[in-house]
Amino acid sequence: MVGPKKIVIGSPDRLFKWDKMKHFTFSFYLTTTSFYALHKFGDKNRKNALTNSTIFSFSCGLGKEVFDLYNESGNSDLWDIIANITGSITGILIINGITDG
């Protein structure tokens, strides 16, 4: 059985590497598209759709980091989690800017 590894806290200059951009983009895309799908085809309540899409996106990003923490070939990085959160927040801000409140 493989136990958890330490979470790497990278230096801030690693923030702009492609991996962080992928995390940001994935969380942004997941937040906005799941909001659209939930709001358009599922729950018509805008607030519920936004809440559920944000929780879904955050859970996927955090789940991936937990998987990396226990996987031998993965690297769990605090900056990945920050990029995920930033991508979700950017998606929320854009959703709030283009939809009726």
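Predicted model: local features only at pLDDT ≥ 70, side-chain atom pairs only at ≥ 80, totals over all residues.
Residues are numbered from 1 along each chain as its sequence is written, and side-chain values use heavy atoms, with hydrogens and water left out.

Let's start with the overall layout. The chain has three helices and zero strands, and reading along the sequence gives the pattern α-α-α. Helices here are DSSP runs of H or I with at least four residues, strands are runs of E with at least two, and both are numbered from the N terminus. H1 covers residues 18-41, while H2 spans 46-70 and H3 spans 78-98. Of the 101 residues in the chain, 31% are buried; buried means under 20% relative accessible area, exposed means over 50%, and partly exposed is in between, using a 1.4 Å probe and protein chains only. As for contacts (heavy atoms within 4.5 Å), take those between residues at least 6 apart in sequence: 73% of them join residues at least 24 apart.

Now for H1 against H2. These two helices pack at an angle of about 145°, with their axes 8 Å apart. The axes are lines fitted to C-alpha atoms, for helices over the stretch in contact, and the angles run from 0 to 180 degrees between N-to-C directions. H1 passes H2 in a right-handed crossing; a crossing is right-handed if the near helix is turned clockwise from the far one by less than a right angle, and left-handed if anticlockwise. From H1, the contact includes Ser34, Phe35, Leu38 and His39, and from H2 it includes Arg46, Ala49, Ser53 and Phe56. By type, the contact residues split into eight nonpolar, nine polar and three charged. In that scheme Ala, Val, Leu, Ile, Met, Phe, Trp, Tyr, Cys and Pro count as nonpolar, Asp, Glu, Lys and Arg as charged, and the others, Gly among them, as polar.

Ser34 is in helix H1 and counts as buried because its relative accessible area is 12%. Leaving out residues up to four places away in sequence, Ser34 touches Tyr29, Ser53 and Phe56. His39 also has its place in H1, but at 27% relative accessibility His39 counts as partly exposed. With the neighbours up to four places away left out again, His39 touches Lys44, Asn45, Arg46 and Ala49. Ala49 is ten residues from His39 along the chain, and their C-alpha atoms are separated by 5.4 Å.

On to H1 and H3, which pack at an angle of about 35° with their axes 7 Å apart. Their crossing is right-handed. Among the residues making this contact are Asp19, Lys20, His23 and Phe24 of H1, together with Trp79, Asp80, Ala83 and Asn84 of H3. The contact residues divide into eight nonpolar, ten polar and three charged.

Asp80 is worth a look here. It lies in helix H3, and it counts as buried because its relative accessibility is 2%. Not counting residues up to four places away in sequence, Asp80 touches Asp19, Lys20, His23, Glu65 and Asn75. Lys20 is 60 residues from Asp80 in sequence, yet the two are 5.8 Å apart in space, C-alpha to C-alpha. Thr25, back in H1, is partly exposed, with a relative accessible area of 41%.

On a 1 Å grid over the protein atoms alone, a cavity is a set of points where a 1.4 Å probe fits but cannot get out, and lining residues have an atom within 4 Å of a point. Points are joined across faces, edges and corners, and the volume is the space filled by probe spheres set on them. The count comes to one cavity of 30 Å³ or more, and the largest cavity has a volume of about 30 Å³. Its lining is made of Phe58, Gly61, Leu62, Ile81 and Asn84. Helices H2 and H3 are the elements that give two or more residues to this lining, and H2 gives the most, with three. The lining residues comprise three nonpolar, two polar and no charged.

Note on methods. 1 Å grid on protein atoms, 1.4 Å probe; cavity = no way out; pocket = protein on both sides within 12 Å on 5 of 7 lines; lining within 4 Å.
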